[in-house]
Amino acid sequence: MSGFGYRIVDGHAERVEVKDALACDGGLAWVHLSTNNEEAQGWLAGEAALDSYVVDALTATETRPRCEQVGDGALLNMRGRSSEELDSSDLLASVRIWGTKGRVFSVTRKDMVAVDAVSRAVEAGGVRDPGDLITAFATAITEDLDPEVAQLGDDLDECEEQLNADRVFELRRTVTRVRVAAIGYRRFLAPQRAALEKLAALPGDWLQADDRLHIAAAADRAARMAEELESIRERSALIHETLTDLRAEQIDSRSLVIAIVAMVFLPLTFVTGVYGMNVKDLPYADRPWSFDAIMALCVVIAAGITGYFLRRHWLRAS
């Protein structure tokens, strides 16, 4: 079974095997499992003696951010960045946490960046109780996501500065990528904020006052990121519409040029087509100056049509 454990007493942390983590008297035991197999369910139900409802919640295939009080503890699901490549429709990995006095169990199905940050905080002596550990998870997840959200905004700023009809396809790809990421992140950050706010308000002596303040701060940060992602999504839609308009204007401009050229050559084609027919008795066809006259007529017609377009400013518009 993949995972690790920590036994924490007075801020001193000892990393141990999963099976030895629960042997911790007077301190905090943290067990983290990174697995999706039935062995984890058996261990949580057997060795850890967790309620079947809690076991099912910790090992569920599909989850969304939520918080629920169960007995003397709390179930918390959160989403954060993963070091693995995830599906574009589900950009964040999940961590399922069960916390109660003296015990914290966390389960991930995909590698999560925040787990390493929490482990470092534990080894540095910054975690003494379950509240500290859950706070470390909430803080690590939001701190890791914050630069990603900021980068999405910066990418949109660059697109706005480079709006140009000649770069429509390149910019549209960037805008689409940013929009998809913003929608995917916001899908989980909005309920994650609500879950953290609910956790901060749960009764129980295993959450200290400072833990509640830090959890509330993480919830506020998640709320700010959700608002920023909503702004990015709306800006992406506006930029996409602008790029579509620029492309349409470019096509209209080129179509106008083609139409003007066609209008200039249409009467010329008619004149040359008539005198190109292989029939007898065409007017002046046998005169030596007829070719020069037809060419002069074509020049006059072309100049006249071009002058008309110039007076109407159609050529300038193109």
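**Close-up views of a predicted model**

View 1. Ser 236 is buried, its relative accessible area being 0%. This predicted model places Ser 236 in helix α6, which spans residues 209-275. Leaving aside residues up to four places away in sequence, Ser 236 is in contact with Leu 156, Val 175, Val 178 and Arg 179.

**View 2. The seven-stranded sheet.** The 7 strands form an open sheet with mixed pairing, in the order β2-β1-β3-β7-β6-β5-β4. On average, neighbouring strands are turned by 15 degrees against each other, direction ignored. Strand β1 (residues 3-9) runs antiparallel to β3 and is joined to it by 6 bridges. Within this pair, Gly 5 has Val 31 of β3 as its bridge partner.

**View 3. Helices on the sheet.** Helix α1 packs on the sheet, where it touches β3 and β7, and its direction makes about 160 degrees with that of β3. Helix α3 (residues 113-123) lies across β1, β2, β3 and β7 and runs at about 30 degrees to β1.

**View 4. The buried face of helix α1.** In α1 (residues 38-45), the buried residues include Ala 40, Trp 43 and Leu 44. Down the helix axis, the buried residues of α1 fall within an arc of 95 degrees, so they line one face of the helix. They pack against β3 (28-34), α2 (52-58) and β7 (103-108).

**View 5. Surroundings of Asn 77.** Asn 77 belongs to strand β5 (residues 73-80) and is buried, with a relative accessible area of 5%. Not counting residues up to four places away in sequence, Asn 77 touches Thr 63, Arg 64, Pro 65, Arg 66, Val 95, Arg 96 and Ile 97.

Terms used: Residues numbered from 1 in each chain as written. Predicted model: local features only at pLDDT ≥ 70, side-chain atom pairs only at ≥ 80, totals over all residues. Heavy atoms only, no water. Helix = DSSP H or I, 4+ residues; strand = E, 2+ residues; numbered from the N terminus. Buried < 20%, exposed > 50% of the residue type's maximum accessible area, 1.4 Å probe, protein only. Contact = heavy atoms within 4.5 Å. Arc of directions from axis to C-beta. Pairing = 2+ DSSP bridges. Axes fitted to C-alpha atoms, helices over the stretch in contact; angles between N-to-C directions.
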